[in-house]
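Here are some friendly notes to read alongside the model. Keep the viewer open and look up each residue as you go.

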Amino acid sequence: MLELRKSYNPKGIEEKWYEYWVSKGYFKPDSDSRGNTYCIVIPPPNITGSLHMGHALNMTLQDILCRWKRMSGDKVLWLPGTDHAGIATQNVVEKQLTAEGLDRHKLDRDAFIERVWKWRTEYGGKIIHQLKRLGASCDWSRERFTLDEGLSRAVIEVFVRLYEEGLIYRDNRLINWCPRCHTALSDLEVEHEELEGKLTYIKYPLSNGSGHITVATTRPETMLGDTAVAVHPDDSRYKDFIGKTVALPLTQRKIPIIPDAAVDSSFGTGAVKVTPAHDFNDEAIAKRQSPALEFITVIGKDGSMTEDAGSRYAGLDRYECRKLVIKDLKERGLIEKEQRYTHAIGHCYRCKTVIEPLLTLQWYVNVQPLAKEAIRMVREEKIRIIPKSWENTYFAWMENIRDWCISRQIWWGHRIPAWYCQKMQNAKCKMQNGVIVSRVMPPVCPYCGSEELVQDEDVLDTWFSSALWPFSTLGWPDKTNDLKTFYPTSVLVTGFDIIFFWVARMIMMGLKFMGEVPFRDVYIHALVRDVKGQKMSKSKGNVVDPLTMMDRYGTDAFRFTLAAFAAQGRDIRFSEERVEGYRHFVNKLWNAARFVKQSTEHRIQIPENFQLSTFNFQLPERWILSRLAATADDMNRALEEYRFNDAASSVYQFVWHEFCDWYIEMAKSEPVTSESVMSCLLYTLETSLRLLHPFMPYVTEEIWQNIKSEESEVKESIMISDYPKSMPRDYQAEEDMSCIMEAVMGIRSIRGELNISPSLELNVSIKTLSDITDKILRKNLQYVKRLAKAAEIKIGRNVRKIEGSAVSVKNSVEVYVPLKGLLNIDAEIDRLKKDGARVEESIAFLNKKLLNEDFLQRAPEEVVEKEKTRYNELVRKKERIVESIKKLKEVEVKE
């Protein structure tokens, strides 16, 4: 055996064991395993990313599952990889170019792509190194990248097949456009934020000069592209207006007043301007008309006004144009009023620029046929979504799904495998649909033989390649052994925010190209919030850096904190104090291991094929082994059901309170040289380490290696040892021990409440409330005496309270401790009153401080929270003092 140091310091130990695990190949699937296959593909983090709390929670939960299944004998593949993050990565590199006085257009496309690959080589692996720091036991030899050769081939194959089936098509329609990133965005990539703006009421004069109709708008600049005014057909206010025309202000055009049932009569005046080229609702109205309304684009791709906006406004930024339009309308007396108005405004999810609906030619996937089967799989529970409450969110989106815009106007990504014949421009080519889609670049145009082919400039949405992740990473479209062995995967662990972006699309694509669901379970984990329950953000200054937590308290304590609070359907309120608390748990485990090792060193090895019948165990051993068996059952069941917090709570309760606080204390009072006690100590510790390992991999490996005898034939790492399964329970021992523990806790509570010295042995009377309890306590009286430090104990059903005794009432016993000669009641009450006065003074001071608005506004949040916590602790302390004084006054001591 090696030596356990006096205290546990994770620095150096964590790196040592992680490198050891990797070098031994433990993260790879065990080819000799005859167990079930178990596979998880990680949600690939962006190569631009750094480890945040969401990553930390997600990866910790996945690692717990993989380590648990690996130890349970399954053939486990945890497949890692990263996402090329098209828009985000291109933005990063473009900022570098700007700092150098360049832009991507001054380079050619190939040179820019080369520059991005160089950046990826230098910086793109940062997030992977951080995941390793967290202890992630991924098979790094299989690491994938969404732009690697194999995945790129899979992307092209899927695109071509969907195109050939008519599920991918090109169309000129309104999309979300980012003027900063110069690309289309899907609806999911637009973040809506409630902002205060203005609702401007504009008079549109009737063409016949008989009056006007007033419309209300938040975007006056778009009126330059209006092609109609719409009213609800049942709105009596406007029945006589339908069919007439208005002279569109600031232009030379006349536009009609039309009826449409989609108009909300309660909004503004009930009459709305229709700008089909810049509003999705207006686009729908325009297409419903016969003939369809004209689409006039007055805002360009860079966010400035086009020539169609008129010479006075062309070239202006859209917001500058808004100011000028309002000014011009006011000068003409056409502004009826302006009022404040709060509404949701769409922003680019990457650069936060306000998006612009624009009419552009884009590529789309018709997803409705794919969605039907994906919905059925969840309804029939071929895929389970956990917690089940998220199913409704999934169904709501899938049942109203719109075609997916998959083209992006950037350079970094999978370039669309489509080519255009240049002879089409002068009608020399007879190509019917104007495009050639192919897995490889065609040598010549198949319609006219021309070599003048140009590839589509656009790339695919990053989420397109991610949708193929569960099968493309396993080798598809080739029929690989990995694909045969590990598809479908076992579970997807992810956050709720990408149910639509990723989860739903993976289900659709998996069913389409593999004919099978991509995973059996989808576990949706909670959001990690700050201690107040607020979402973490840089602007609020409440972001917690996982690396800082790991450096400060060790990775094991940090991981355990995340798991311990990962309750299904409930967000995690993260606080550093909790991590510190679980660091104490690590220390408790370490100290317990040191005691066990010192007590058993050179005497016994880790028991293998441990049999209860081998030893003549006494009650303490029978009890702790039964509780160990219960804990193993609880943890396996909880992990099977993704109740990570319950599993963590079970092992924490057992190790700290049952093993350390009770059994080890009892063992200290036994002759530790006995083989049964030594065996039980070592077996319970070793089994507890195996139970804990998926949650706390580093400290458990360090202890396990230190208690392992060099002569032992046990496996060379706890990571590949067997996870504890069902073991025999001894319910009688648990019942007997619970009676003993109640009696001991009764005596201890009196000692603690009345401040009686721990070293002072007490005379105790215990009234038993049942014959069974009476029999158990009489039989095990020695344990009660040792644990409670009692000199004499009187036990019986008819025991009466001696006058002047303190009382503690439990479920099965009443405990009486005569106080005569133990303490001076008057002096103790006087001491407690003085303590109470000091506490009252501190409470008054803190109360005044916490009612001070200036303090609450100026002090950092963590300072305010600390003072509130201190205040609550003092209030509880005051309550305990009052209760102790009350108990002392109830004691009638006769001198």
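1. Let us start with one tryptophan. Trp-117 is partly exposed, because its relative accessible area is 32%; buried means under 20% relative accessible area, exposed over 50%, and partly exposed in between, using a 1.4 Å probe and protein chains only. Trp-412, by contrast, is buried, with a relative accessible area of 1%.

2. Before going on, a word on the ground rules. This is a predicted model, in which local features need pLDDT of at least 70 and side-chain atom pairs count only at pLDDT 80 or more, while totals for chains, interfaces and linings use all residues. Residues are numbered from 1 along each chain as its sequence is written, and side-chain values use heavy atoms, with hydrogens and water left out.

3. Now for the aromatic rings. Rings of Phe, Tyr and Trp (its six-membered ring) pair if their centres lie within 6.5 Å; planes under 30 degrees apart count as stacked, over 60 as edge-to-face and the rest as tilted. By this rule there are 39 aromatic pairs. One of them joins Trp-117 and Trp-412 edge-to-face, at 5.3 Å centre to centre with 80° between the planes. Trp-117 lies in helix H4 (residues 109–123) and Trp-412 in the loop between strand E17 (407–408) and strand E18 (418–421), so the pair ties together parts that are 295 residues apart in sequence. Helices (H or I, at least four residues) and strands (E, at least two) are DSSP runs, numbered from the N terminus.

4. Elsewhere, ring pairs link a cluster made of Phe-560, Phe-565, Tyr-582, Phe-585, Tyr-652, Trp-656 and Phe-695.

5. Where does Leu-79 sit? Its place is in strand E2 (residues 75–79). Leu-79 counts as buried because its relative accessibility is 1%. Leaving aside neighbours within four places in sequence, Leu-79 is in contact (heavy atoms within 4.5 Å) with Ile-40, Val-41, Ile-42, Arg-142, Arg-144, Thr-473 and Leu-474. Leu-79 and Leu-248 are 169 residues apart in sequence, and their C-alpha atoms are 60 Å apart in space.

6. Next, look at strand pairing. Strands of a sheet pair through backbone hydrogen bonds, either parallel or antiparallel. Two strands count as paired here if DSSP finds at least two bridges between them. Strand E5 (residues 168–178) runs antiparallel to strand E14 (residues 356–365), and ten bridges join them. Ile-168 stands opposite Val-365 in E14. E5 is also joined by three bridges to strand E6 (residues 183–185), again antiparallel, with Cys-178 opposite Thr-183 in E6. The hairpin of E5 and E6 has four residues between the strands, and His-182 takes a positive phi near 55° there.

7. What is the order of the strands in the open sheet that holds E18? Three strands form it in the order E19-E18-E20, with antiparallel pairing. Strand E19 (436–437) and strand E20 (453–455) are the edge strands, each pairing on one side only. Two bridges hold the antiparallel pair of E18 and E19, and Trp-419 stands opposite Ile-436 in E19.

8. On a 1 Å grid over the protein atoms alone, a cavity is a set of points where a 1.4 Å probe fits but cannot get out, and a pocket is an open set with protein on both sides within 12 Å along at least five of seven lines; lining residues have an atom within 4 Å of a point. Grid points are joined across faces, edges and corners, and a volume is the space filled by probe spheres set on the points. The second largest pocket has a volume of about 1,400 Å³. Of the 46 residues that line this pocket, Thr-218, Arg-219, Asp-279, His-343 and Ala-344 are the closest to its centre. Strand E13 (335–348) gives the most to the lining, with seven residues.

9. Finally, the structure holds two cavities of 30 Å³ or more. The largest has a volume of about 30 Å³, and its lining consists of Ile-87, Glu-189, Tyr-349, Arg-408, Ile-410, Leu-460, Asp-461 and Thr-462. The second largest cavity also has a volume of about 30 Å³; helix H16 (555–564) and helix H17 (576–600) each supply at least two residues of its lining.
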